[in-house]
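Dear colleague,

Please find below the structure that I am handing over to you. My notes on what was found in it follow directly after.

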Amino acid sequence: MNTTVAFTEDRIDLGDLYDQSNIAEVLALLDSDLVGLVPVKTRIREIAALLLVEAARRGMGIQADPPSLHMSFTGNPGTGKTTVAKRMADVLHRLKYIRRNHVVTVTRDDLVGQFIGHTAPKTKEILKKSMGGVLFIDEAYYLYRPENERDYGQEAVEILLQMMEDHRDDLVVILAGYKDRMDTFFRSNPGMASRIAHHIDFPDYSAEELFQIAQIMAGTMHYRFDTDGAAALREYIALRMRQPRFSNARSIRNAIDRSRLRMANRLFAERGRALDRSALETITADDVRASRVFTEKLEA
């Protein structure tokens, strides 16, 4: 980091240091990429402020152990945990807390072997790929299966614990999953819990936030909902939120993909006429209401 502006002999300008780090750009992307999640964004900004001050302290010659940056992201699927992990890696890299701006995303299957002697090599290989950056372990609670005496997940946990302690200045581990299951995981693995400095809970999105997310997703793909289509989408969201296996923004993306499919079939069925740009971009109420979410409502 170039600190020629921020540092003088006995003074430091945090504003200059902030500008030089370019983390404002990352935080702006966090706002543009994710609707809502105010508590999450607030916590990320707090962590960024901590790291900025720590950088200033280092620049003034104040010696201290680096802050622990291992994290736990808890919440339901589709609440932005993976996206936030990527933005967090960007912040850490710009402030020189990690060497590389990259995130290695894994699940239990990437770390745990099925036979004796397979787990250690698999876990160490993933850790090797992650060094200098962020290791994001989704559904981390699956690493611990006490009901199976022949399970090798605990071996992976023990290797992770050692690396998280020995390489805390060159590796950041983020564990993610449902809150209740992660709480059980931490109670069963106190060593892991003691190494996690930042616990961030991701709330579910409201219906209005999901509508905004849908509009943004569609816009990035150069689609739009007409007036009736937007009204149908709002009704769809309200119905879908009450159904099983609802996954927040992930379910909304799936709904848009299926609406695009139905739109394409509608246009293909009308292939005898020429199509203008608006026709190729517009999702209508019929495209939305053909979803079985509305059919199941009628059956109910």
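I begin with Arg45, which at 33% relative accessibility counts as partly exposed; buried means under 20% relative accessible area, exposed over 50%, and partly exposed in between (1.4 Å probe, protein chains only). Please note that this is a predicted model, in which local features need pLDDT of at least 70 and side-chain atom pairs count only at pLDDT 80 or more, while totals for chains, interfaces and linings use all residues. Residues are numbered from 1 along each chain as its sequence is written, and side-chain values use heavy atoms, with hydrogens and water left out.

Salt bridges

The side chain of Arg45 meets that of Asp31 in a salt bridge (2.6 Å, N to O). The two residues join distant parts of the chain, with Arg45 in helix H3 and Asp31 in helix H2, 14 residues apart. A salt bridge here is a side-chain nitrogen of Lys or Arg within 4 Å of a carboxyl oxygen of Asp or Glu. Helices (H or I, at least four residues) and strands (E, at least two) are DSSP runs, numbered from the N terminus.

Asp31 also forms a salt bridge with Lys41, at 3.5 Å from N to O. This pair again links distant parts of the chain: Asp31 belongs to helix H2 (residues 23–33) and Lys41 to helix H3 (residues 38–59), 10 residues apart. Asp31 is partly exposed, with a relative accessible area of 38%, whereas Lys41 is buried at 9%.

A further salt bridge connects Arg266 and Asp287, whose closest N and O atoms are 2.8 Å apart. Here too distant parts of the chain are linked, Arg266 lying in helix H12 (residues 249–269) and Asp287 in helix H14 (residues 285–289), 21 residues apart. Arg266 is partly exposed at 21% relative accessibility, while Asp287 is buried at 1%.

Strands

Strand E1 (residues 71–75) pairs with E5 in the parallel sense over five bridges; two strands pair if DSSP finds at least two bridges between them. Within this pairing, Gly75 stands opposite Phe202 in E5.

Which side chains of strand E5 (residues 198–202) are buried? Those of His198, Ile200 and Phe202, which point to one face, are buried.

Yours sincerely
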